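I opened my notebook for a new chain today.

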Amino acid sequence: MSKPIKRVLLTNDDGWREPGLKVMEEIAHQIAEEVWIISPDLDQSGVSMSITLHSPLRVHHMGERRLSVSGTPSDCVLLAVGELMPEPPDLVLSGVNAGANISDSVAYSGTIGGALTATLMGIPAIALSLAYHKGDEMHWDSVRQFGPGVVQQLLEKGWPDDCAMNVNFPACPADQVTGVATCRARAGSIGGINIESRRDTRDIPYFWLGFERQTERITGLDTDVGALRANRISISPLRFEREIASWQIDAEAMSSKLGIKPRSETAADSKDNEPSIDH
């Protein structure tokens with residue numbers, strides 16, 4: 001029986017040695033005929049959608065269709081599509097991350113960054129993460145049991161082209177999962193910044209950054225935090241585009257206050273002499 005996806009690309013932000021990527025590979029083989037793994041060689045947690053611009057990227061072949069990259073999840077996706085794969089993937093799966101990607105934290109997540117990079121390239125993408133409680137074991141069995149079905153049902157349902165899907169599994173065994181909830185990421189779980197100031201052996205200061213968490217402030221099954229607290233699998237669509245359509249200014253008034261003289265629309269909008277914009 002044919003599988004719903006011809007070619008899938010797997011990446012993550014924890015590195016190619018981590019157990020979450022092995023779980024993702026198990027899921028991928030159930031839904032795809034061809035599975036590629038192109039992931040960072042080291043932990044890239046917190047890099048969001050960053051790409052490597054100031055050093056070369058090294059690629060190491062770990063086996064057939066298995067490669068590690070000395071860069072970020074976004075680097076991996078860009079290299080995969082532009083250089084390493086003979087054809088672009090039909091789907092990108094990012095994760096399974098060791099730890100939930102919820103609320104404010106989605107802005108920093110390398111797992112989410114890899115998925116959104118694929119979306120910008122016109123490739124459907126799903127990020128998967130597993131919540132856990134500090135000091136407790138991680139329940140990978142929940143992802144193994146429900147992950148393939150969640151991915152398949154999302155593919156059957158479909159989602160907007162400008163979205164990546166963010167799936168979080170609750171911190172409980174598979175037999176304690178209570179359902180699925182369609183959610184939104186809501187600000188409020190980051191309560192502050194933790195900064196540890198230290199000194200090295202030459203007495204030069206350095207710092208470790210972290211967040212103070214306050215997820216107890218977020219409630220309701222329509223939020224990813226609330227859904228996970230109720231042992232539900234949370235599914236949230238995430239968009240790269242953050243335009244606020246209702247926010248406007250009087251552009252002509254601002255131009256006048258800045259001393260900019262208006263030009264005719266014909267001259268301003270002409271494409272004939274429009275230079276390329278470097279970025």
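My entries follow.

I noted first that this is a predicted model, where local features need pLDDT of at least 70, side-chain atom pairs count only at pLDDT 80 or more, and totals for chains, interfaces and linings use all residues. Residues are numbered from 1 along each chain as its sequence is written, and side-chain values use heavy atoms, with hydrogens and water left out.

Entry 1, overview. I found 7 helices and 11 strands in the protein chain. These are DSSP runs numbered from the N terminus (helices: H or I, at least four residues; strands: E, at least two). Of its 279 residues, 42% are buried (under 20% relative accessible area, 1.4 Å probe, protein chains only).

Which residues touch the most other members of the largest nonpolar core? They are Val8, Leu10, Leu91, Leu93, Ile126, Leu128 and Val167, out of 32 residues. Such a core is a set of buried Ala, Val, Leu, Ile, Met, Phe, Trp, Tyr and Cys residues joined through side-chain atoms within 4.5 Å. Several elements each supply at least two residues, including strand 1 (5-11) and helix 4 (140-157). Helix 1 gives the most, with 6 residues. A second, separate core has 22 residues, among them Met85 and Ile123.

I looked up contacts (heavy atoms within 4.5 Å). Among those between residues at least 6 apart in sequence, 76% join residues at least 24 apart. Leu93 touches Val8, Met24 and Val151, among others.

Methods
Buried < 20%, exposed > 50% of the residue type's maximum accessible area, 1.4 Å probe, protein only. Lists of a residue's contacts leave out its neighbours within four places in sequence.
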